Every structure is written in C-alpha cells, then in structure tokens.
Amino acid sequence: MRATVFHEFGGPEVLRAEDVPEPHAGPGEVRVAVRAAGVNPMDWKIRRGWMEQVSPTTLPAVPGVECAGVVDETGEGVTEFAVGDEVLGWSATGSYAQYALAGPVAAKPPALGWAEAAALPVAGETAARVLGLLAVRDGETLLVHGAAGAVGAVAVQLAVARGVTVIGTASPARHEYVRSLGAVPVAYGDGLVARVRAAAPQGVDAVFDVAGKGALPDSIELLGGVTDRIVTIADMAAGDLGVVFSSGGTTPEDRRAGLAEHARLAAEGALRVQIARTFPLDEAATAQATSEDGHAGGKLVITP
C-alpha cells in the first residue's frame, strides 16, 4: 500500500510517500480502508522528535492519529463492526496511508462527509475533555484562546450549547467565523486583558487555551491571580505557572461514546468543523508545513 513515511526526525522534508507492507487485522482488531485522515499539530511535533520523552516513536513511522474510512477486514472476535461499515475515529498504525488498523471508532452517519468525519475525533475528544476539566456550566463565561481552530471551534460550540457565554480570541480575519459559532470574538496579542474585559464586563470564569501563544499570564490576570480553572493543551510553560496541561486520559470506551455523539451532531448540522483544505497523500509534507505555520484557517485533511 502507499503511505506517508518518515525515517528520521526533522522538518516536513523528511516525509515521503512510499510503498509499505499492509497491516492486517489480528484478533479483536479492525482494518479500515482510509478515505480521509486528519492533520493535527501533534503529527508534526512527533515528526520533529519533540514528543520522544512523552511517547517514543519507532522509526520508520507513518504519521496520523485520526481517520475516516470503510471497514475492509475484521479480526477474530470482532462483532461490533463488519466489512463495509463506514467508520470514523482513531488509527493505531498511522492514518496517512491507504489502510490503517483502527483504534476506537464509531459508525459514520451517512450524511457526514469523509473530510468532516476525519476532522472530528481529536477536536471533539479534546474539547469535551477540557470542558469537563473546567466544569463550565450554564450562565458562566469561558475564554477560549484560538477559537477559530478545529479544537477551539468545537469547544465554542459545545460550550454555547451548555448555555455558556464564550469569548474567543482569533485574528481579525477570523472574527466573523468565530461570531458565527456563537462566541464574541476578540483579537489576541498586546492589550488582550483590556479587550476581554470590555467584551465580558461580567468577568471570566474559566479559560481554555488552545493556541499556546503566551496568553497564560493574561489569563491568570483575568481570573484574579488564580489558576484552578485554566487549562491549556498547547503552552509548555503551563507547569511553571501552575496551570493544568491536558494531553489525554479518556478511556477508549469514553472516546467511542463521545465520538458517536459528536458525529450525530455534525450529521445534523449542530456541530461543525471548517475544512480549510484537503491534500493528496503525496502532498502530506505540504499539509504538515501548513499546519505548522499556524494559519491554516480550519482543519487540514489528507485523502489517500
């Protein structure tokens, strides 16, 4: 099969499309013929070798943790899915490939497109997990740094559905999109504290930092010097500031249940992730470079 592979850590140039052996489903496993694979910041951080202390990578490696596709092979003991079923979820062997062994997956509703399905797993799980940690509830105000990205956009929509007022930071060019999600947009950068206070005179109850661009000190100031309701998924300075850094922890069962619910909402039009661009498999290096640049303007998806 064709897959994107990297044999050494480095920049996007270490990625190349190659013929590699197909994975096959063992007992309890499901193989998916990949129709779309989501691109995430974690993909290029792993490629650069930045995650080795957290999760060592065996080289050569196929990138990608989320996918949508058709079940084409099931292992002994699998009863929940059958060949021909359309699914979305996580990949256990790398999703930038024609075939991948699945991690936790859920059925894909017919009304949900392949690219949209591949964009949901990581964004949905991350947003729901952090909102749970923050325990935001009806009547509160949440500040989301990076509200126009895939994770931020899902977090905004899930929070708004709970009755939460959301202030979302984004570049001015993305303010209309953030507003369409139900949040009040503000520009990030110098003067952020004053802009947020003007947008939310009632104060901010919790902060979700998706962007990781140095906004934690401002967030602490906005919460009156306390850090117990600030969570980041992107700022490595979190520990020094007493802020929680969240990088996972949900069980496969919880992931599958949450994904099924998010897929249902997306199919009904009640939850959306904006697809910025799709790339063929042999342009995976360009896709990751675009992600790393930080100005994709939505979710990037690879279509093997």
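1. A residue counts as buried when its relative accessible area is under 20%, as exposed when that area is over 50%, and as partly exposed in between. Phe-9, with a relative accessible area of 31%, is therefore partly exposed. The model discussed in this note is a predicted one.

2. Phe-9 has an aromatic partner, Phe-6: the two ring centres are 6.3 Å apart, the planes make an angle of 50°, and the pair is classed as tilted. Phe-6 has a relative accessibility of 2% and so counts as buried, whereas Phe-9 is partly exposed.

3. The structure contains 2 aromatic pairs. Besides the pair of Phe-6 and Phe-9, there is one between Trp-44 and Trp-50, with ring centres 6.0 Å apart; because the planes stand at 80°, this pair is edge-to-face. Trp-44 is buried, at 10% relative accessible area, while Trp-50, at 53%, is exposed.

4. Charged side chains also meet aromatic rings. The charged end of Arg-255 lies over the ring of Trp-90, at 4.9 Å from the ring centre. Likewise, Lys-213 places its charged end over the ring of Tyr-188, 5.5 Å from the centre of that ring.

5. Leu-142 has Val-166 in S8 as its bridge partner.

6. Which residues have the most contacts inside the largest nonpolar core? They are Leu-88, Leu-120, Leu-134, Leu-142, Val-144 and Phe-208, in a core of 50 residues. Helix H4 (residues 150-161) supplies the largest share of this core, namely 8 residues.

7. When its neighbours within four places in sequence are set aside, its contacts include Gly-152, Val-156, Val-166, Ile-167 and Phe-208. Val-166 is also the bridge partner of Leu-142, and Phe-208 is among the residues with the most contacts in the largest core.

8. A second core is separate and has 17 residues, among them Val-186, Ala-200, Ile-220 and Val-243.

Notes:
Residues numbered from 1 in each chain as written. Predicted model: local features only at pLDDT ≥ 70, side-chain atom pairs only at ≥ 80, totals over all residues. Heavy atoms only, no water. Pairing = 2+ DSSP bridges. Helix = DSSP H or I, 4+ residues; strand = E, 2+ residues; numbered from the N terminus. Core = buried A, V, L, I, M, F, W, Y, C linked by side-chain atoms within 4.5 Å. Buried < 20%, exposed > 50% of the residue type's maximum accessible area, 1.4 Å probe, protein only. Contact = heavy atoms within 4.5 Å. Phe/Tyr/Trp six-rings, centres within 6.5 Å; stacked < 30°, edge-to-face > 60°. Lys NZ or Arg CZ within 6 Å of the ring centre and 35° of its normal.
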